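Q: I would like to go through the packing in this structure. Could we begin with the helices and then turn to the sheet?

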Amino acid sequence: MQLLDSDLSQERAFLVGVELKRQYNPWRIEDSLEELGRLANTAGLEVVGQEIQRLDSPTPATYIGSGKVKELKLFKRDLDFNVLLFDDELSPRQQRNLEEEVDIKVVDRTALILDIFGQHAHTKEGQLQVELAQLEYRLPRLTRMWTHLARQAGGRAGGAQGGVGVRGPGETQLEVDRREVGRRIARLKDELESVRQHRQMYRKQRKRAGIPTVSLVGYTNAGKSTLLNSLTEADVPVADQLFATLDPTTRRFELPGGTACLFTDTVGFIHKLPTQLVAAFRATLEEITESDILLHIVDITHSNAFEQADEVEMVLEELGANERPMVVALNKVDKVLDEKNYGLEIDNEKIIAFEASEPVQLLLDRYPDAVLISATWGIGLKGLLEQIEGVLIQDMVEVDVLIPYRAGEMVNLFHTRGRVEEENYNEHGTLIHGKLPTRLVGYFEPYFDGLASE
Ligand SMILES: Nc1nc2c(ncn2[C@@H]2O[C@H](COP(=O)(O)OP(=O)(O)OP(=O)(O)O)[C@@H](O)[C@H]2O)c(=O)[nH]1
Ligand SMILES: [Mg+2]
């Protein structure tokens, strides 16, 4: 059996993708493999080649056909790679058989994504979530072989040892039997549940304070963190890598009309996002489902921008967040402004499309209100913010209140959370005509002036 390289830079990967002939898939297998290659690079692997097989259905024992397995053995001799990277999640049995037959380490897309998450999780919560997802993935795969590999890996979550796919919960977890892993999973779930409750409490407080929240959502690498940084100087690390951000960052921000809100940048999505991850990241992802507005960032320069947008919408649906009001930003237009075929130009800080190229037009047809932006250059952001504010205002109710002078803090609250249209004073207190977010109206009920109009 091939031993593991503990030096990452020496891991050479060969990609394998299968296209199922009778199954509709919006992604071309070539594009999916290209993305797998980017994932591999992000994890620190060098990609030395790839192979695609078109099949009616996967082969139960080895996923790919036996002829292809033989070919891979030959490729291995010629190209000298030490990891086979599959674009789909393999069953534990398929993985084991392949490892034995080709005599090599076999890693699937799910394990690769889990590995990257392990490398990029920096907060305690992030690490707990990744560890849970990794253990759930490994539990059915706990065999002598995996234990053997893991012993050499000997890492903890995010450790650099052991190479891709086996980094993570290290020997202490993996050399024990399944029952013990099961116990660890239960403990992690408990810990995460308390994190979740804590978050929920925090969100409730925020709701009470009436500050609307905007969640930045989008495919990984779309530019979410770049946008948060350029709006709020948040200093979130930005990288031309997949899953650069795992841990949510929230920043307060004032919209052009004066409405204060909170922007949250969080983990990006990808196609074939492992279900274990979605489950484990529930606490983080709940931020999204409970926000007032989803700000969906799409990288229009990506050749699969449309499929990526689809994927994001599918994950949002899975999370039950698809009913939230959504504002769409088509990002990175600076990269294509010069190419006439995209038909974009800057007009007074606003990017406009005239006879846009096909991929951009497709997105504009799908999202007619989408705003074209460049997060890096900071162009188009004003229009974007106005649209966000517009959506928030739709959610406001017009009121007239008379607030006694002793309740001065309510006047402040109106100013910071609502929109004051007229303010007067009489001997009883401050008279305000304006708009309040629906959920704050209750707090002002004692001061309704009897003139309140909808
Ligand atoms: N040219 C150009 N590049 C951009 C723009 N916005 C983001 N990028 C680049 O795109 C890459 C990804 O940006 P991030 O902000 O890290 O993307 P993200 O959506 O936060 O990605 P994850 O955290 O991985 O989900 C970086 O290399 C950015 O510099 C833009 O408007 N124009
Ligand atoms: Mg990011």
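Q: At what angle do helix H9 and helix H14 pack, and how far apart are their axes?
A: In this predicted model, H9 (residues 224-232) and H14 (residues 381-394) pack at an angle of about 90°. Their axes are 12 Å apart. H9 is therefore roughly perpendicular to H14.

Q: Which residues meet there?
A: From H9, Leu227, Ser230 and Leu231 meet Leu381, Leu384 and Leu385 of H14. By class, the contact has five nonpolar residues, one polar residue and no charged ones.

Q: Turning to the sheet, what is the strand order?
A: The order is E13-E15-E14, in an open sheet of three strands with antiparallel pairing. On average, neighbouring strands are turned by 15° against each other, direction ignored.

Q: Which strands stand at the edges?
A: Strands E13 (396-404) and E14 (419-425) do. Each has a single partner strand, so one side of each is left without a neighbour in the sheet.

Q: Over how many bridges do E13 and E15 pair?
A: E13 and E15 (residues 429-437) pair over nine bridges, in the antiparallel sense. Glu398 stands opposite Lys435 in E15.

Q: Back to H14: where does that helix lie relative to the strands?
A: H14 lies across E13, E14 and E15, and runs at about 70° to E13.

Q: And what does helix H15 touch?
A: H15 (residues 408-417) packs on the sheet and touches E13, E14 and E15. The direction of H15 makes about 35° with that of E15.

Key. Residues numbered from 1 in each chain as written. Chains lettered and ligands numbered in written order. Predicted model: local features only at pLDDT ≥ 70, side-chain atom pairs only at ≥ 80, totals over all residues. Heavy atoms only, no water. Axes fitted to C-alpha atoms, helices over the stretch in contact; angles between N-to-C directions. Helix = DSSP H or I, 4+ residues; strand = E, 2+ residues; numbered from the N terminus. Parallel < 35°, antiparallel > 145°, perpendicular 65-115°, else oblique. Contact = heavy atoms within 4.5 Å. Nonpolar A, V, L, I, M, F, W, Y, C, P; charged D, E, K, R; others polar. Pairing = 2+ DSSP bridges.
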